[in-house]
Amino acid sequence: MGGGSEPLDTKHGQYLGGWGNLGSQTQKGITTYSLSANRQRPLAGALNAAVFNTWRRCRAQALYVVPPFAIAYLLVNWAVEKNEYYNSKAGRMADAQAAEEATQGGPVRA
């Protein structure tokens, strides 16, 4: 109870202890395990797991993604080829011939 830098409880005159240890009894029966910093491997196997997990997820979704993209690719490819034909010399001549037949009452191609 002498002088010094120990925090005192002014009401009871007892040592309160440091922050978080306000004079209560120490806990018993709690076991703490620790591993030194140089023994821990927090990313052990992370790259291997990431590669195989990504492959597994992509393979599982392939049947949902690939068919619509394949259909869209074929449709766009067909449209580009048809547009190139219509804007070519042969396409313009065929279109002019069809227009001429239509005005003369001849057979109209579909």
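1. **S88 and G91.** In this predicted model, the S88 side chain comes to 3.3 Å from the backbone nitrogen of G91. That is a polar contact, meaning N or O atoms paired within 3.5 Å; within protein, one must be able to donate a hydrogen and the other to accept it, and residues adjacent in sequence count only if both atoms are side-chain atoms. S88 sits in the loop joining α1 to α2 (89-104). Its relative accessible area is 24%, so S88 is partly exposed (buried is under 20%, exposed over 50%, partly exposed in between; 1.4 Å probe, protein chains only).

2. **Basis.** The model is predicted: local features need pLDDT of at least 70, side-chain atom pairs need 80 or more, and totals for chains, interfaces and linings use all residues. Numbering runs from 1 along each chain as its sequence is written, and side-chain values use heavy atoms, without hydrogens or water.

3. **Overall fold.** The chain has two helices and zero strands (DSSP runs: H or I of at least four residues, E of at least two, numbered from the N terminus). Of its 110 residues, 4% are buried.

4. **Tyrosine pair.** There is one aromatic pair. Y85 and Y86 are tilted, with centres 5.9 Å apart and planes at 50° (ring centres of Phe, Tyr or Trp, the last by its six-membered ring, within 6.5 Å; under 30 degrees is stacked, over 60 edge-to-face, the rest tilted). Y85 is partly exposed at 38%. Y86 is partly exposed too, at 43%.

5. **Helix α1.** V65 belongs to helix α1 (residues 46-86). V65 has a relative accessible area of 40%, so it counts as partly exposed.
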